[in-house]
Amino acid sequence: MFATMGAFPDTRSQQGRRELRDELLAANDKFVSQIPKVELHVHIEGTLTAELRWKLAKRNGSKVLMGKSAREVQSAEELERAYGDVISSAQLPSYANCPPSEVPATFFEAYYSGCEVLKTKQDFFDLAFDYFKRASSMNVRYCEVFFDPQSHTSRGVSWDDLMGGLRDAQQKAATELNVKSGWIMCFLRDMSLESALEHYREAMSYKDMIIGFGLDSNEYNRPPSLFDEVFTLARQDGFKITAHCDVGQKDTHENIRQVASTLGGGGADRIDHGLNVADKQELISLVLQKGIGMTMCPWAYLRRWTYQEVAERLQVLVDTGIKFGISSDSPAYMDSSWVLHNLLITKKMCNLSDGDILSMMKVSIEMSWAMHEVKACLLQDLETFRRTQIP
């Protein structure tokens with residue numbers, strides 16, 4: 001479909017992705033490193049590093065398992081290696097002739113097995129504050145963070161422990177790190193509508209923390225329309241709504257259409273991922289006509305698509321004027337590539353200038369669900385940075 005654009009890095013292997021990441025960092029792009037950042041698509045459970053996972057498991061006396069394997073991970077070093085080996089489900093066919101013990105964990109297997117070590121209020125505080133500290137080190141000033149309560153209540157974790165830990169970390173980050181944030185509660189699309197509605201009702205006790213609702217997890221045969229009732233309710237209650245449309249999935253074009261045009265009674269406020277919008281002019285036109293912003297996490301796509309396939313579609317978004325911002329998704333499970341690395345790879349893929357990156361960050365602020373006064377401060381910070389960097 002897309003024209004050839006010349007030589008591209010080989011990112012199909014972990015080694016290739018690491019070499020690209022090292023190359024991007026070695027270039028020492030101070031503009032991208034220092035620009036005040038906004039991150040609108042990051043899963044707090046997906047920021048659980050191997051180091052923190054090991055620490056929490058030892059503190060709680062829990063076994064450390066990785067994915068579906070019943071074998072206990074024996075050391076922090078072994079866990080770190082297992083994180084590096086995580087694959088996309090699209091890569092499973094290449095392991096068809098391997099014994100189960102030699103098949104790496106898929107992303108969802110790694111992600112949800114990581115949740116098992118999160119048990120107490122202190123665990124959720126440590127998880128969130130660890131992310132906020134890392135975000136601060138990359139000059140993130142505002143972030144909107146997904147969380148998956150169904151992953152925790154199903155294991156007996158109380159809402160008070162979950163939300164209390166997240167709230168305390170959020171407040172500490174705002175006062176000590178100058179990182180402001182909002183929480184987006186996601187429904188797991190591989191669970192039932194009834195479970196989503198139940199969790200929506202229970203979440204109303206913490207509605208002062210929640211700025212919107214999203215839809216994530218395994219998209220296979222689980223279209224957004226299955227959850228229209230709960231999103232319509234959220235919209236009626238005054239919340240913003242969004243939904244994931246993962247790249248290269250079955251029915252992804254129809255799912256994008258639903259999110260953009262019908263979810264919640266008139267379409268979502270944002271689309272998460274949705275890079276396949278670039279495949280069809282009618283979807284490009286729909287997103288432009290609705291004025292919907294999109295959150296892109298290019299490093300997350302490199303296990304499913306080649307560098308070229310990601311780059312060419314991102315370029316379509318740039319060329320057509322679709323609004324999008326760059327985020328990190330679940331960076332702990334994606335080569336430890338955080339928002340900085342995702343911005344650097346986007347700049348390289350689309351040959352963006354410093355001015356383009358500045359404009360993209362301004363779009364991200366405008367796309368955000370932050371309060372007006374927070375947006376005003378973010379825009380002022382960005383303008384102050386511009387004056388010092390661009391003549």
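Eight strands make up an open sheet, in the order β1-β2-β3-β4-β5-β6-β7-β8, and their pairing is parallel. The edges belong to β1 and β8 (324–326), each of which pairs on one side only. From one strand to the next the twist averages 25°. Strands here are DSSP runs of E with at least two residues, helices are runs of H or I with at least four, and both are numbered from the N terminus. Two strands count as paired if DSSP finds at least two bridges between them. Before going further, please keep in mind that this is a predicted model, in which local features need pLDDT of at least 70, side-chain atom pairs count only at pLDDT 80 or more, and totals for chains, interfaces and linings use all residues. Residues are numbered from 1 along each chain as its sequence is written, and side-chain values use heavy atoms, with hydrogens and water left out.

β1 and β2 pair in the parallel sense over five bridges, and V38 stands opposite Y142 in β2. Seven of the seven residues of β1 are buried, so β1 is largely enclosed by the rest of the structure. Buried means under 20% relative accessible area, exposed means over 50%, and partly exposed lies in between, with a 1.4 Å probe and protein chains only. Further along the sheet, strand β5 (residues 240–245) and strand β6 (residues 270–273) pair in the parallel sense over four bridges. There, C245 has H273 of β6 as its bridge partner.

Now for the helices on the sheet. Helix α9 (residues 193–203) packs on the sheet and touches β3 and β4 (210–216), its direction making about 150° with that of β3. Such angles run from 0 to 180 degrees between N-to-C directions, and axes are lines fitted to C-alpha atoms, for helices over the stretch in contact. The axes of α9 and helix α10 (residues 228–236) come within 9 Å and cross at roughly 20°. That makes α9 roughly parallel to α10, a label for angles under 35 degrees, while those over 145 are roughly antiparallel, 65 to 115 roughly perpendicular and the rest oblique. Where the two helices meet, L193, A196, L197 and Y200 in α9 face E229, V230, L233 and A234 in α10, with contact meaning heavy atoms within 4.5 Å.

Helix α6 (residues 121–137) has 17 residues and reaches 24 Å from its first C-alpha to its last, close to the 24 Å expected at 1.5 Å a residue. That expected span is 1.5 Å times one less than the number of residues. Its buried residues include F124, F125, L127, F129 and F132. The buried residues of α6 pack against β1 (37–43), α3 (50–60), β2 (140–147), α7 (150–153), α8 (159–177) and β3 (180–188). After α6 comes N139, whose phi is positive, near 65°.

Most residues other than glycine have a negative phi. N221 has a positive phi, near 55°, and D251 has one near 65°. N221 lies in the loop between β4 and α10, whereas D251 is placed in the loop between β5 and α11 (252–261). At 41% relative accessibility N221 counts as partly exposed, and at 43% D251 also counts as partly exposed. Leaving aside neighbours within four places in sequence, N221 is in contact with L226, K250 and D251.
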